[in-house]
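I opened a new structure today and kept notes on what I looked up. The entries follow in the order I made them.

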Amino acid sequence: MDIPPLAGKIAVLSLGALPLSFALNYVSLLSYPLGVVLMSTLILGLLSLAIYSLSRSDIYYDPLYAVFAVFAFTSVVDLLIALQEDGYMAGFMAFYTKEGEPYLRTAHGVFICYWDGIVHYLLYLAMTGAIRKRKSYRNFGLYWLGSFIMSILVFLPGNILGKYSSEIRPTFFLTIPFLLVPCWAGLRVFNQTQVPTCCTPNMVEEDQRKGLLQRPVDLALIIYLIFAAFFTLFRGLVVLDCPMDACFVYIYQYEPYLRDPVTYPKVQMLVNMFYVLPFYGLAIYALIFPGCSWLPDWALVFAGAIGQAQFSHMGASMHLRTPFTYRVPEDAWASFFVCNLLYALGPHLLAFRCLWRPAFFLRPPPGPPAHHEKQH
């Protein structure tokens, strides 16, 4: 997979968020929620016009260029929010977290800002760079799509259901486009032409003739997915207040963060149980039976989703913004870290396996039956 060059023009434009946010922090109008909404809308509008005037040909070639460029700017803003909330800088985005989105001051909010400001930002630069060079960015787009959707699926319900539900401000409605854009972007990314593989029909036929015992990597992935599926189901039952002793011990001695009234961890575990768990079952099927051409794409989507989810969950579980009673106990830190790190790493290994040797997942080539098969 070729790594596209980063878009320098978009990087320079996005870094304009630093002086702009510093200046806006001292505008008296922004001490009111409605002022924050109006100013945010104005800035996004002017930013969109600037991107259109600077990169008109790229937007005509692929409208997602404008989307990624705007999101790159907001990613820098999110990184500033995270750094300020952790005390690494001051005087930038205090007005926004106070009057705009106070739930970004939670541990979960801080870590989704870190993820957006680092991982998403690099993906935006890579994808806009690929568009400028007229190269494919499909794999990057699928990973971003899964990560972005997972962030929204957990963050928005958590804001409504958690203890910050009474502090929802008018800026919350600015997130409505964030519900619509992934749907449109996802359709465009999935409809892009797949990069041709170097697999010949003979390679496809040879790989698909191998039994599971002849594919030790796939066997190891299946074993991992089985354990990950049970872990997903177990944590879902834990947040649903399952009365089993194992659930009681786990939530009090290993992951007390699941009881945090901010509700983000509970929503995360339920999203995992209802969406990630079925995918694990389908992935096991696709690793056993050849020709499941849908797995490479969806493995990238779920790798992005679980990567974002685990980064936010693990970070918030140990962050100082989380009350001490809900943080991971010191004696359980090692087991918590290993289990959650493996849970995040496995889907990325699955996606890498699908990109590395895709022949097993390709549709069997048309033609006469192989010579070893009995002719009728």
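Predicted model: local features only at pLDDT ≥ 70, side-chain atom pairs only at ≥ 80, totals over all residues.

Next I asked which residues of helix 12 are buried. Within residues 245–253, I noted C247, Y250 and I251. They span an arc of only 90° around the axis, so they sit on the same side of helix 12. I wrote down the general rule beside this: an α-helix has 3.6 residues a turn, so residues three or four places apart point the same way. I then checked the other side of helix 12, where D245 and F248 are exposed.

I moved on to G100 and asked where it is placed. I located G100 in the loop between helix 6 (94–99) and helix 7 (107–132). Is G100 buried or exposed? I read a relative accessible area of 0%, and buried means under 20%, so G100 counts as buried. Setting aside neighbours within four places in sequence, I listed the contacts of G100 as V36, F95, R169 and T171.

For residues 61–186 I noted 71% helix and 0% strand, with the end C-alpha atoms 17 Å apart. For residues 217–351 I noted 74% helix and 0% strand, and the end C-alpha atoms lie 12 Å apart.

Methods:
Residues numbered from 1 in each chain as written. Heavy atoms only, no water. Buried < 20%, exposed > 50% of the residue type's maximum accessible area, 1.4 Å probe, protein only. Helix = DSSP H or I, 4+ residues; strand = E, 2+ residues; numbered from the N terminus. Arc of directions from axis to C-beta. Contact = heavy atoms within 4.5 Å.
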